Amino acid sequence: MRLAVLLFSLLALLTGCDQSSSADTAASTTPTAKVGGWPRSFQTSKGEVTLLAPPQRIVSTSVTLTGSLLAISAPVVASASVRQTGGVTDENGFFTQWGAEAVNHGVKPLYRGEVNVDAVLAMQPDLILVSATGGDSALKAWDQLSAIAPVLVVNYDDKSWQDLSRLLGSMTGHEQDAEHIIAAFDSKVASMQAKVTLPVEPVTAMVYYEDGSGANVWTPESAQGQLLTRLGLKLAHLPQELTKQTVALGRRDIIPVSGERFSQALNGGSLLLFNADQRTADEVLANPLLTNLPAIRERKVYPLGIDTFRLDYYSASHLVERMSGLFAKQG
């Protein structure tokens, strides 16, 4: 089961890296109309897309975007999914942090893996959302999808989940819902900060490879990095030669490290493990490649949950709850 979790994570990352080499993934989606009225226009790499009215039937071809749509009560009727993986996805291929919410709202799973244009067409959408990067990107099917309904491409690898929620709110007319969940999250953070002693800083945030050969380190630009900064944590600086890898990948959220660079990259006083449980933490602590690291010697290794590989309101809230338990003040 743990191996399946890793393979899913690596597949999403590697596929995203392959796709991000395309010029199309430079797509940005920025509202050019004054938010508050309709029509609204959005500038993308494919040209300007205009929505005449708030969408009523949204199809998400990105399982990563679907959770944020649900959190702001946007009318998503169907979503792409991924193969079922223990602890990460449910029987529909939806992420576990919001899978029940999707079922309650009648969201239908469309397909798993390669985009199925016929399945999208059958849902009669008035808006189709596509991610620019990641293993859940359907960008290659832009031409076919745009013949069905307006298509908006969204970059999520350089945004916090809050920024992503606001952007999706502007696209769907659910700006107030986005602000509501952000305010609710801020309240949870304030409550947590009053009750915890934060781990030794600076911290290294990462996704550990199952075979122990390396990790994907989250950058300050990643949703995970931005969340930790919001929680009051300082991220460890990576050597410059490692940060250059993000340019080669066409992504800004991860830096893959392995071999001799593996231990070099884990230079934080604490290691925060995303997409991980206690078993993962134990494996990191026992990894012979890492024994000389201060964080390993001091056992400052903390798993933040299996559902933290992709962040949205739901998984970010779960992460805050876990940190409240991990770092609760003593006495």
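Predicted model: local features only at pLDDT ≥ 70, side-chain atom pairs only at ≥ 80, totals over all residues.

Residues are numbered from 1 along each chain as its sequence is written, and side-chain values use heavy atoms, with hydrogens and water left out.

Helices (H or I, at least four residues) and strands (E, at least two) are DSSP runs, numbered from the N terminus. The open sheet has 5 strands in the order β6-β5-β4-β7-β8, with parallel pairing; two strands pair if DSSP finds at least two bridges between them. At the edges are β6 (108–112) and β8 (151–154), each pairing on one side only. β5 (residues 76–81) and β6 pair over 3 bridges, and Ser 81 has Arg 112 in β6 as its bridge partner.

What does α6 touch on the sheet? It packs against β4, β7 and β8, where contact means heavy atoms within 4.5 Å. Of the 12 residues of α6, 10 are buried, so the helix is largely enclosed by the rest of the structure. Buried means under 20% relative accessible area, with a 1.4 Å probe and protein chains only. Among those buried are Trp 161, Leu 164 and Met 171. Gly 173 follows α6, with a positive phi near 80 degrees.

Now the threonine. Thr 64 sits in helix α2 (residues 63–71) and counts as buried because its relative accessibility is 6%. Beyond four places away in sequence, Thr 64 touches Phe 95, Asp 136, Tyr 156 and Arg 310.

Notes: Buried < 20%, exposed > 50% of the residue type's maximum accessible area, 1.4 Å probe, protein only. Axes fitted to C-alpha atoms, helices over the stretch in contact; angles between N-to-C directions.
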